[in-house]
Amino acid sequence: MDYTMPRADDFCEFKLDTVCTPCTHNPLGTKGCGEAGAIGSPPALINAVLDALAPLGVKEFDMPATSGRVWDAIQAAKA
Amino acid sequence: MYTFAFERPTTAADAARLVAAGAKPLAGGQTLLASMKLRLASPETLADLGGIKELTGIRRDGDSIVIGAMTRHADVAESAEVQAAIPALADLAAHIGDRQVRAMGTLGGSVANNDPAACYPSAVLALGATVHTTSRKIAADDFFTGMFSTALEEGELITAIGFPIPQRAAYMKFKQPASRFAMVGVFVAQTAAGARVAVTGAASCVFRHAGLEAALTQSFTPEAAAGVAIDASDLNADIHASAAYRANLVSVQTQRAVAKALG
(Lines give C-alpha, C1' and ligand atoms only; values in the text may rest on other atoms or scores of the structure.)
Protein backbone atom coordinates (compact mmCIF):
# COMPACT_ATOMS: atom_id res chain seq x y z
CA MET A 1 0.00 0.00 0.00
CA ASP A 2 2.90 2.36 0.63
CA TYR A 3 5.00 1.60 -2.41
CA THR A 4 3.97 -0.18 -5.57
CA MET A 5 5.39 -0.62 -9.02
CA PRO A 6 3.63 1.35 -11.75
CA ARG A 7 0.62 -0.49 -13.19
CA ALA A 8 -0.58 -0.71 -16.77
CA ASP A 9 -3.07 2.13 -16.39
CA ASP A 10 -0.38 4.47 -14.98
CA PHE A 11 1.38 4.51 -18.34
CA CYS A 12 1.09 6.50 -21.50
CA GLU A 13 1.23 4.88 -24.95
CA PHE A 14 4.70 3.77 -25.97
CA LYS A 15 6.29 3.94 -29.38
CA LEU A 16 9.11 1.41 -29.54
CA ASP A 17 12.13 1.60 -31.78
CA THR A 18 15.59 0.00 -31.80
CA VAL A 19 18.96 1.63 -32.46
CA CYS A 20 21.68 -0.99 -32.87
CA THR A 21 25.25 0.01 -31.91
CA PRO A 22 27.33 -3.17 -31.52
CA CYS A 23 30.05 -3.09 -28.87
CA THR A 24 33.51 -3.00 -30.48
CA HIS A 25 35.35 -4.56 -27.52
CA ASN A 26 34.17 -8.16 -27.72
CA PRO A 27 33.60 -10.67 -30.52
CA LEU A 28 29.81 -10.86 -30.07
CA GLY A 29 29.24 -7.10 -30.04
CA THR A 30 27.16 -7.46 -26.86
CA LYS A 31 26.90 -5.12 -23.88
CA GLY A 32 24.99 -4.91 -20.67
CA CYS A 33 22.13 -2.47 -20.94
CA GLY A 34 19.32 -3.53 -18.60
CA GLU A 35 20.09 -0.94 -15.95
CA ALA A 36 20.67 2.00 -18.29
CA GLY A 37 17.20 3.42 -17.87
CA ALA A 38 17.18 2.81 -14.14
CA ILE A 39 20.49 4.61 -13.68
CA GLY A 40 19.66 7.58 -15.87
CA SER A 41 16.13 8.38 -14.78
CA PRO A 42 16.55 9.27 -11.07
CA PRO A 43 19.20 12.00 -11.60
CA ALA A 44 17.20 13.33 -14.56
CA LEU A 45 14.08 13.61 -12.40
CA ILE A 46 15.86 15.08 -9.37
CA ASN A 47 17.67 17.58 -11.60
CA ALA A 48 14.30 18.61 -13.00
CA VAL A 49 12.90 19.04 -9.46
CA LEU A 50 15.93 21.12 -8.44
CA ASP A 51 15.65 23.22 -11.60
CA ALA A 52 11.99 23.90 -10.85
CA LEU A 53 12.64 24.75 -7.19
CA ALA A 54 15.81 26.86 -7.71
CA PRO A 55 13.88 30.17 -7.89
CA LEU A 56 12.41 29.32 -4.48
CA GLY A 57 15.84 28.89 -2.95
CA VAL A 58 15.95 25.08 -2.74
CA LYS A 59 19.56 23.99 -3.27
CA GLU A 60 19.52 20.32 -2.23
CA PHE A 61 16.92 17.64 -2.65
CA ASP A 62 17.18 13.88 -2.14
CA MET A 63 14.95 11.07 -3.38
CA PRO A 64 12.14 10.15 -3.12
CA ALA A 65 10.43 13.10 -4.81
CA THR A 66 7.00 12.62 -3.26
CA SER A 67 4.70 15.63 -3.34
CA GLY A 68 4.96 15.89 0.45
CA ARG A 69 8.76 16.01 0.42
CA VAL A 70 8.78 18.60 -2.37
CA TRP A 71 6.36 20.77 -0.38
CA ASP A 72 8.41 20.33 2.81
CA ALA A 73 11.57 21.42 0.91
CA ILE A 74 9.79 24.56 -0.32
CA GLN A 75 8.65 25.39 3.22
CA ALA A 76 12.18 24.84 4.59
CA ALA A 77 13.63 27.18 1.96
CA LYS A 78 11.06 29.87 2.87
CA ALA A 79 11.88 29.62 6.58
CA MET B 1 -6.01 -21.86 2.97
CA TYR B 2 -8.05 -22.13 6.15
CA THR B 3 -11.66 -23.20 6.03
CA PHE B 4 -14.77 -21.12 6.64
CA ALA B 5 -18.47 -21.54 6.05
CA PHE B 6 -20.00 -19.55 3.18
CA GLU B 7 -23.62 -18.48 3.48
CA ARG B 8 -25.60 -16.84 0.73
CA PRO B 9 -28.75 -15.25 2.22
CA THR B 10 -31.36 -13.84 -0.16
CA THR B 11 -32.95 -11.25 2.14
CA ALA B 12 -31.43 -8.50 4.27
CA ALA B 13 -33.28 -9.86 7.33
CA ASP B 14 -31.69 -13.31 6.88
CA ALA B 15 -28.28 -11.69 6.41
CA ALA B 16 -28.72 -9.63 9.60
CA ARG B 17 -29.62 -12.82 11.52
CA LEU B 18 -26.47 -14.55 10.25
CA VAL B 19 -24.32 -11.57 11.16
CA ALA B 20 -25.90 -11.30 14.61
CA ALA B 21 -24.94 -14.96 15.08
CA GLY B 22 -21.30 -14.14 14.33
CA ALA B 23 -20.97 -14.29 10.54
CA LYS B 24 -18.86 -11.62 8.84
CA PRO B 25 -20.82 -9.82 6.11
CA LEU B 26 -19.14 -9.91 2.68
CA ALA B 27 -20.08 -7.00 0.41
CA GLY B 28 -17.64 -6.31 -2.45
CA GLY B 29 -14.74 -7.86 -0.56
CA GLN B 30 -12.25 -5.13 -1.49
CA THR B 31 -11.03 -4.83 2.10
CA LEU B 32 -12.27 -8.04 3.74
CA LEU B 33 -10.82 -10.50 1.21
CA ALA B 34 -7.43 -8.78 1.23
CA SER B 35 -7.48 -8.86 5.05
CA MET B 36 -8.27 -12.58 4.99
CA LYS B 37 -5.45 -13.27 2.52
CA LEU B 38 -3.06 -11.42 4.84
CA ARG B 39 -4.47 -13.39 7.80
CA LEU B 40 -5.53 -10.17 9.48
CA ALA B 41 -9.08 -11.52 9.55
CA SER B 42 -10.16 -15.14 9.83
CA PRO B 43 -13.96 -15.29 10.06
CA GLU B 44 -15.49 -18.71 10.63
CA THR B 45 -18.52 -17.80 8.55
CA LEU B 46 -18.95 -15.37 5.67
CA ALA B 47 -22.41 -14.08 4.80
CA ASP B 48 -22.26 -13.02 1.15
CA LEU B 49 -24.63 -10.10 0.55
CA GLY B 50 -24.30 -10.40 -3.24
CA GLY B 51 -27.49 -12.39 -3.70
CA ILE B 52 -29.81 -9.93 -1.94
CA LYS B 53 -31.76 -8.05 -4.61
CA GLU B 54 -33.29 -5.51 -2.21
CA LEU B 55 -29.79 -4.13 -1.46
CA THR B 56 -29.08 -3.00 -5.02
CA GLY B 57 -30.37 -0.28 -7.25
CA ILE B 58 -30.52 3.48 -7.57
CA ARG B 59 -33.72 5.50 -7.41
CA ARG B 60 -34.82 9.07 -6.99
CA ASP B 61 -37.05 9.64 -3.96
CA GLY B 62 -38.28 13.25 -3.89
CA ASP B 63 -35.27 15.46 -3.29
CA SER B 64 -32.92 12.55 -2.64
CA ILE B 65 -31.09 9.87 -4.54
CA VAL B 66 -31.32 6.54 -2.71
CA ILE B 67 -28.62 4.01 -3.51
CA GLY B 68 -28.73 0.38 -2.38
CA ALA B 69 -25.86 -0.71 -0.14
CA MET B 70 -24.64 -3.39 -2.56
CA THR B 71 -24.50 -1.04 -5.55
CA ARG B 72 -21.03 -1.19 -7.10
CA HIS B 73 -18.90 1.93 -7.53
CA ALA B 74 -18.97 1.47 -11.32
CA ASP B 75 -22.79 1.43 -11.31
CA VAL B 76 -22.95 4.68 -9.31
CA ALA B 77 -20.38 6.24 -11.67
CA GLU B 78 -22.38 5.24 -14.76
CA SER B 79 -25.86 5.95 -13.41
CA ALA B 80 -27.69 8.55 -15.51
CA GLU B 81 -29.85 9.31 -12.46
CA VAL B 82 -26.84 10.09 -10.24
CA GLN B 83 -25.01 11.97 -12.99
CA ALA B 84 -28.04 14.22 -13.50
CA ALA B 85 -28.89 14.85 -9.82
CA ILE B 86 -25.52 14.74 -8.00
CA PRO B 87 -22.75 14.66 -10.62
CA ALA B 88 -20.13 15.06 -7.85
CA LEU B 89 -21.16 11.69 -6.43
CA ALA B 90 -20.89 9.94 -9.81
CA ASP B 91 -17.49 11.60 -10.29
CA LEU B 92 -16.30 10.43 -6.87
CA ALA B 93 -17.36 6.85 -7.63
CA ALA B 94 -15.65 6.97 -11.03
CA HIS B 95 -12.26 7.62 -9.39
CA ILE B 96 -12.22 5.12 -6.51
CA GLY B 97 -9.32 2.67 -6.76
CA ASP B 98 -9.02 1.17 -10.22
CA ARG B 99 -11.40 -0.48 -12.70
CA GLN B 100 -11.28 -3.83 -10.89
CA VAL B 101 -12.04 -2.24 -7.51
CA ARG B 102 -14.93 -0.24 -9.00
CA ALA B 103 -16.41 -3.38 -10.55
CA MET B 104 -16.56 -5.14 -7.17
CA GLY B 105 -16.50 -2.54 -4.37
CA THR B 106 -19.82 -1.37 -2.94
CA LEU B 107 -21.20 1.81 -1.38
CA GLY B 108 -22.36 0.03 1.76
CA GLY B 109 -19.10 -1.85 2.19
CA SER B 110 -17.05 1.33 1.95
CA VAL B 111 -19.25 3.30 4.34
CA ALA B 112 -19.55 0.47 6.90
CA ASN B 113 -15.77 -0.06 6.87
CA ASN B 114 -15.14 3.69 7.36
CA ASP B 115 -11.51 3.59 6.28
CA PRO B 116 -9.97 6.96 7.27
CA ALA B 117 -8.87 7.51 3.66
CA ALA B 118 -11.92 6.16 1.81
CA CYS B 119 -13.75 8.48 -0.59
CA TYR B 120 -17.43 7.69 0.04
CA PRO B 121 -17.62 8.73 3.72
CA SER B 122 -16.81 12.33 2.68
CA ALA B 123 -19.79 12.39 0.32
CA VAL B 124 -22.10 10.87 2.93
CA LEU B 125 -21.03 13.47 5.50
CA ALA B 126 -20.87 16.54 3.22
CA LEU B 127 -24.23 15.83 1.62
CA GLY B 128 -25.86 15.18 5.00
CA ALA B 129 -26.97 11.75 3.82
CA THR B 130 -29.11 9.29 5.74
CA VAL B 131 -27.83 5.77 6.30
CA HIS B 132 -30.67 3.23 6.15
CA THR B 133 -30.00 0.02 8.05
CA THR B 134 -31.84 -3.21 8.79
CA SER B 135 -33.23 -1.59 11.95
CA ARG B 136 -33.26 2.24 11.64
CA LYS B 137 -32.13 5.36 9.83
CA ILE B 138 -28.95 7.12 10.97
CA ALA B 139 -27.99 10.71 10.09
CA ALA B 140 -24.51 11.06 8.57
CA ASP B 141 -23.50 13.40 11.40
CA ASP B 142 -24.10 10.56 13.90
CA PHE B 143 -22.73 7.71 11.79
CA PHE B 144 -18.93 8.04 11.58
CA THR B 145 -17.63 7.66 15.14
CA GLY B 146 -13.87 7.10 14.70
CA MET B 147 -11.19 5.19 12.84
CA PHE B 148 -12.85 2.16 11.17
CA SER B 149 -15.76 2.63 13.55
CA THR B 150 -19.38 3.60 12.98
CA ALA B 151 -22.69 3.80 14.82
CA LEU B 152 -23.69 0.38 13.42
CA GLU B 153 -24.55 -2.14 16.14
CA GLU B 154 -23.57 -5.81 16.02
CA GLY B 155 -25.76 -7.53 13.47
CA GLU B 156 -26.95 -4.27 11.92
CA LEU B 157 -26.41 -3.94 8.17
CA ILE B 158 -26.62 -0.91 5.88
CA THR B 159 -29.41 -1.42 3.36
CA ALA B 160 -29.23 1.88 1.44
CA ILE B 161 -28.03 5.46 1.68
CA GLY B 162 -30.18 8.45 0.83
CA PHE B 163 -28.28 11.47 -0.51
CA PRO B 164 -30.15 14.82 -0.50
CA ILE B 165 -29.62 16.60 -3.80
CA PRO B 166 -27.49 19.72 -3.17
CA GLN B 167 -27.53 22.98 -5.11
CA ARG B 168 -23.90 22.40 -6.02
CA ALA B 169 -21.22 19.95 -4.99
CA ALA B 170 -17.79 18.67 -5.96
CA TYR B 171 -15.17 16.25 -4.69
CA MET B 172 -11.44 16.77 -5.10
CA LYS B 173 -9.12 13.92 -4.20
CA PHE B 174 -5.37 14.22 -3.87
CA LYS B 175 -4.34 10.62 -4.37
CA GLN B 176 -1.64 8.72 -2.57
CA PRO B 177 -0.26 7.31 -5.81
CA ALA B 178 0.54 3.78 -4.61
CA SER B 179 -2.73 2.92 -2.84
CA ARG B 180 -4.92 5.42 -4.73
CA PHE B 181 -6.69 6.18 -1.48
CA ALA B 182 -7.12 9.85 -0.65
CA MET B 183 -4.03 11.45 0.89
CA VAL B 184 -6.53 14.26 1.32
CA GLY B 185 -9.98 14.36 -0.26
CA VAL B 186 -12.46 17.20 0.20
CA PHE B 187 -16.16 17.05 -0.62
CA VAL B 188 -17.93 20.41 -0.66
CA ALA B 189 -21.68 20.87 -0.96
CA GLN B 190 -23.76 24.01 -1.20
CA THR B 191 -27.22 23.39 0.24
CA ALA B 192 -30.22 25.51 1.17
CA ALA B 193 -29.03 25.30 4.79
CA GLY B 194 -25.50 26.47 3.98
CA ALA B 195 -22.21 24.95 2.89
CA ARG B 196 -20.95 21.61 4.16
CA VAL B 197 -17.33 20.51 3.86
CA ALA B 198 -16.13 16.98 4.67
CA VAL B 199 -12.49 15.95 4.67
CA THR B 200 -11.18 12.40 4.27
CA GLY B 201 -7.63 11.01 4.36
CA ALA B 202 -6.31 13.78 6.57
CA ALA B 203 -7.16 12.48 10.05
CA SER B 204 -8.18 9.30 11.87
CA CYS B 205 -11.76 9.66 10.64
CA VAL B 206 -13.67 11.71 8.08
CA PHE B 207 -14.64 15.08 9.59
CA ARG B 208 -16.50 18.32 8.81
CA HIS B 209 -14.53 21.56 8.95
CA ALA B 210 -16.49 24.27 10.78
CA GLY B 211 -14.20 27.14 9.67
CA LEU B 212 -14.44 26.27 5.98
CA GLU B 213 -18.21 25.75 6.24
CA ALA B 214 -18.72 29.15 7.86
CA ALA B 215 -16.58 30.91 5.25
CA LEU B 216 -18.23 29.13 2.32
CA THR B 217 -21.73 29.72 3.69
CA GLN B 218 -20.89 33.46 3.66
CA SER B 219 -19.34 33.32 0.21
CA PHE B 220 -19.15 30.13 -1.87
CA THR B 221 -15.89 31.02 -3.61
CA PRO B 222 -12.35 29.59 -3.71
CA GLU B 223 -11.10 32.89 -2.26
CA ALA B 224 -13.28 32.49 0.83
CA ALA B 225 -11.89 28.97 1.37
CA ALA B 226 -8.33 30.25 0.90
CA GLY B 227 -8.79 32.69 3.76
CA VAL B 228 -9.44 29.94 6.32
CA ALA B 229 -6.49 28.73 8.42
CA ILE B 230 -6.31 24.93 8.74
CA ASP B 231 -5.05 23.59 12.06
CA ALA B 232 -2.57 20.73 11.49
CA SER B 233 -2.42 19.51 15.07
CA ASP B 234 -4.90 16.62 14.77
CA LEU B 235 -3.93 15.60 11.24
CA ASN B 236 -2.10 12.44 10.15
CA ALA B 237 1.64 12.36 9.52
CA ASP B 238 3.21 9.39 7.73
CA ILE B 239 5.83 8.64 5.07
CA HIS B 240 3.63 10.19 2.39
CA ALA B 241 2.86 13.54 3.96
CA SER B 242 3.53 15.59 7.06
CA ALA B 243 0.60 16.98 9.05
CA ALA B 244 1.49 20.49 7.84
CA TYR B 245 1.39 19.35 4.21
CA ARG B 246 -1.97 17.66 4.77
CA ALA B 247 -3.31 20.90 6.28
CA ASN B 248 -2.12 22.74 3.17
CA LEU B 249 -3.83 20.11 0.99
CA VAL B 250 -7.11 20.53 2.88
CA SER B 251 -7.06 24.23 1.96
CA VAL B 252 -5.97 23.70 -1.65
CA GLN B 253 -8.36 20.83 -2.33
CA THR B 254 -11.26 22.80 -0.84
CA GLN B 255 -10.48 25.75 -3.10
CA ARG B 256 -10.29 23.42 -6.09
CA ALA B 257 -13.53 21.65 -5.13
CA VAL B 258 -15.39 24.95 -4.83
CA ALA B 259 -14.06 26.07 -8.22
CA LYS B 260 -15.15 22.74 -9.70
CA ALA B 261 -18.61 22.97 -8.10
CA LEU B 262 -19.04 26.45 -9.59
CA GLY B 263 -18.13 24.91 -12.98
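Q: Before we dig in, what counts as a polar contact here?
A: A polar contact is a pair of N or O atoms within 3.5 Å; within protein, one must be able to donate a hydrogen and the other to accept it. Keep in mind that this is a predicted model.

Q: Great. Which backbone atom does the side chain of Thr150(B) reach?
A: The side chain of Thr150(B) gets to the backbone nitrogen of Leu152(B), at 3.2 Å.

Q: And where does Thr150(B) sit?
A: Thr150(B) is in strand β9 of chain B, residues 149–150.

Q: Is Thr150(B) buried or exposed?
A: Thr150(B) counts as buried, because its relative accessibility is 18% and the cut-off for buried is under 20%.

Q: Which residues does Thr150(B) touch, not counting those up to four places away in sequence?
A: With those left out, Thr150(B) touches Val111(B), Ala112(B), Asn114(B), Phe143(B) and Thr145(B).

Q: Switching to the interface: how many residues of chain A and chain B are in contact?
A: Twelve residues of chain A contact 15 residues of chain B. The two chains bury about 1,000 Å² between them, with 49% of it on carbon and sulfur atoms.

Q: How many salt bridges between chain A and chain B, and how many residue pairs in polar contact?
A: There are zero salt bridges between chain A and chain B, but three residue pairs are in polar contact across the interface, both partners at pLDDT 80 or more.

Q: Last topic, the surface. What makes the nonpolar patch?
A: Phe11(A), Phe14(A) and Leu16(A) make a nonpolar surface patch of about 400 Å².

Q: Where is Phe11(A), and why does Phe11(A) count as partly exposed?
A: Phe11(A) lies in the segment before α1 (36–53) of chain A. Phe11(A) counts as partly exposed because its relative accessibility is 44%, between the 20% and 50% limits.

Notes:
Residues numbered from 1 in each chain as written. Chains lettered and ligands numbered in written order. Predicted model: local features only at pLDDT ≥ 70, side-chain atom pairs only at ≥ 80, totals over all residues. Heavy atoms only, no water. Patch = residues over 30% accessible without salt bridge, like charges linked within 9 Å, V, L, I, M, F, W, Y side chains within 5 Å. Areas by Shrake-Rupley, 256 points an atom, 1.4 Å probe, with all protein chains shown as cover. Salt bridge = Lys/Arg side-chain N within 4 Å of Asp/Glu carboxyl O. Helix = DSSP H or I, 4+ residues; strand = E, 2+ residues; numbered from the N terminus. Buried < 20%, exposed > 50% of the residue type's maximum accessible area, 1.4 Å probe, protein only. Contact = heavy atoms within 4.5 Å. Buried area = accessible area lost by both parts, 1.4 Å probe.
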